[in-house]
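Hi,

Here is the structure I promised to pass on.

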There are 2 protein chains.
Amino acid sequence: MPGTTETAGQDTYDVIVLGAGPTGENVADRAHALGLSAVIVESELVGGECSYWACMPSKALLRPVTARADARRVPGLHQAASAPLDTKAVLAHRDAFTSHWKDDGQVQWLDSAGIDFVRGKARLDGPRRVVVATGADERVLTARHAVAVCTGSRALLPDLPGLTAARPWTSREATSAQSVPPRLVVVGGGVVGVEMATAWRALGSAVTLLVRGGGLLPKMEPFAGELVAEALTEAGAAVRTGVSVTAVRREMPNGPATVVLDGGEQIVADEVLFATGRAPRTDDVGLETVGLEPGTWLEVDDTCRVRGVADGWLYGVGDVNHRALLTHQGKYQARIAGAAIAARAQGTTDLDTGRWGAHAATADTAAVPQVVFTDPEVASVGLTAAEAEHAGHRTRVVDHDLGNVAGAGLYADGYRGRARMIVDQDREVLLGVTFVGPAVGELLHSATVAVAGEVPLDRLWHAVPAYPTISEVWLRLLETYRG
Amino acid sequence: MPGTTETAGQDTYDVIVLGAGPTGENVADRAHALGLSAVIVESELVGGECSYWACMPSKALLRPVTARADARRVPGLHQAASAPLDTKAVLAHRDAFTSHWKDDGQVQWLDSAGIDFVRGKARLDGPRRVVVATGADERVLTARHAVAVCTGSRALLPDLPGLTAARPWTSREATSAQSVPPRLVVVGGGVVGVEMATAWRALGSAVTLLVRGGGLLPKMEPFAGELVAEALTEAGAAVRTGVSVTAVRREMPNGPATVVLDGGEQIVADEVLFATGRAPRTDDVGLETVGLEPGTWLEVDDTCRVRGVADGWLYGVGDVNHRALLTHQGKYQARIAGAAIAARAQGTTDLDTGRWGAHAATADTAAVPQVVFTDPEVASVGLTAAEAEHAGHRTRVVDHDLGNVAGAGLYADGYRGRARMIVDQDREVLLGVTFVGPAVGELLHSATVAVAGEVPLDRLWHAVPAYPTISEVWLRLLETYRG
């Protein structure tokens, strides 16, 4: 850009971060804490998808649903908790948790953390160079050491006749809607689909969940989707598997939408949520100027450095690298990438990139935790039975009915749930654990520590679960394994 | 005993277990599963204190309290959850969880597990010999290999003028009462005291909690007692520290009781619960016939074998050995003692009694977990800061305010809580962890796995907490430690 030179002090930084979601914030923060100057560029809200259109609003909508479900299962409260949710209060609470979609607080945090901030649309412009469109102007930033692309992902809409004109909901609209649609069709049975079906059903929508495959939550253990489908059905949602949407129509702008299924059946709804996958937000960040293909996921090594870029100055951290599309995993990668960037900037050549090293995002492949905040909750970490088998491990699958655990029965009358652990029989450590049931979300971290810590089974016998908690399922799993 | 000889087949067993609480059941079950014959003797209900007068009924009373407290802190539910608890439903639920104080189910379980059962009062009668008073008769049992005393503990009442005549509640009456006392005085600020104060206050009692020392839960981190005291006070209980009871009077059998304090003040109440400690149930089990002192705690090694008994045939498992007076810890000891008994019976001389070995109850000293089911919950494992320092470790104490964790804020409006981890700076592992706050009970097992697994801090960084759960406090603790 004429008039801006690479030598202009304020426009040269050690690290330039594209995207101010939790991942970008953490890359910049770590690099800065380790002595580097950092600037972060964001065209939308500082705080990213998670703060405004994903984790925060979705969980703010879901927490009253699970709290009510929990209370309903407790004698002495059953009746009181059977009243409908106060929708207005729930939506207002959600609005508060998204700071009413304003990012002042997060901008202030960047400032307090010593990270420069530029609001605008950033594009790579060759090695180490970033051009930012800030309204009418442009600004050129130059990186001494690294550029980290942390632009995340967006909802992927299928190419269906009439879809654009029908103004479908994506995760953004589903988490930020200001009123309850009387009829809601949800397309897709992954995490977004089942969470939003749960939330809006509890808030009063007549919900139809349409899933192409045979079940919900297809990436998890099969019983997870089965238990969630059962609960959604009991809550009054229609769960339909094995169906495809062939078209969506909305003839009047304020009228209802019609969803056409492959068999010709038509479903009329006020809103249609498509939760059918994610695409990387890399289509307009100038990847072509550094020899990469726009719109692709960035292929990275365990330090999150993009492969195949000369001199290794480009990093792809968070959703964009497609390793694990979860806020906490993006932040994890960010801590590791930030440390790797700083170490390399300081001339370190022997980074700690071995398995579980300080500069290796090993958990991305071995111990990714995830909680689905439905009723029942689903919580999993590491490999599923199918994944472990596919990876060639000699495994044993150990199941236990959570309803038979004393602490679960005390937690909720008629508690239904299931636990599974996958044992690596050669090393006698756990490869993965899944819990499904009320309140298992906080139980997950015990499994995450066991899997990431590679704690041997004979030591896990000494990790005594407190009685009578739901965690006692750990003892039952070990006993079942011992036989 | 005339008429019964040691050679009578049905009265000679490999293992004789005194006491059919969870500990005794597990000793017998493990020994039997490992090939030994076992008989268990119980004079009261099979299932023990835990099933009828401790864990089960107390948690059945407390779960509605915490569920209501949780629901009250959620927008959209607040109003509905503010109604009083349905006391009748809560008490009926508690009755169901104690099987109405009938042990048929547990007796059946013993039978199905292949364990013989004798109902009666058992006393040791010299080495390997047990005399059981069964109604009018006596029966003599002989052990080939081991006798395990698993008779547990009872409430310890102080020697106060008028106390016996005043018919005070102990933990038994407090967990099994069939109506709500309008006024309840609770003496003692340990786990029983704070749990029962919480339960009965929520069910409508005017509760006064009297504590001799300066705070509640004196064996735990100080902030635990502080947060529980704050919550009890907000719930309308009177919490008074630094006071001693000098006398209790109940003049009319059906009239109120008067509690006299050291300053002369008198408090009138309908019931007075003494939760002032436990005594071993070893006063009437014939310890004197094998050279031990009746009424003392049994001193045992890490396999739970009683020290100082010739030929090592006597075991003391669970509360009686005073290592850790908790059901889950008794069961843990029972698994280890059962395995040690079986190994020794089979002539094994090299038991695995090293630290964390299969025949060593190492967790008793390094990783005892405990959950206090108050509102807020208290959950701790391992050493407190004071204990770690006293033990001579070079420690760092790391605290974090749970209210600042996103998942906690989503869980409950105005979430209040605190987390602390004690780092062994020489080994960079955790010595202890304490969480206080709503829903931390299931979070505890993550800490138990970390402490018992001795997972190094640099590996704990790879144990990523799922966002946005309360478990994210783990990341905050690690960040705080890193500084």
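Below is what turned up, starting with the ground rules.

This is a predicted model, so local features need pLDDT of at least 70 and side-chain atom pairs count only at pLDDT 80 or more, while totals for chains, interfaces and linings use all residues. Residues are numbered from 1 along each chain as its sequence is written, chains are lettered from A and ligands numbered from 1 in the order written, and side-chain values use heavy atoms, with hydrogens and water left out.

Chain A is split into domain 1 (9-47 + 103-154 + 280-363), domain 2 (158-276) and domain 3 (376-482); such bounds come from an automatic or database domain assignment. The C-alpha centres of domains 1 and 3 of chain A are 36 Å apart.

Now the interface. On chain A, 77 residues are in contact (heavy atoms within 4.5 Å) with 77 residues of chain B. The two chains bury about 6,200 Å² between them, 66% of it on carbon and sulfur atoms; that is the accessible area (1.4 Å probe) lost on being put together, summed over both parts.

The rule gives 4 salt bridges between chains A and B, taking a side-chain nitrogen of Lys or Arg within 4 Å of a carboxyl oxygen of Asp or Glu. One salt bridge pairs A:K331 with B:E472, with the closest N and O atoms 2.4 Å apart.

Cheers
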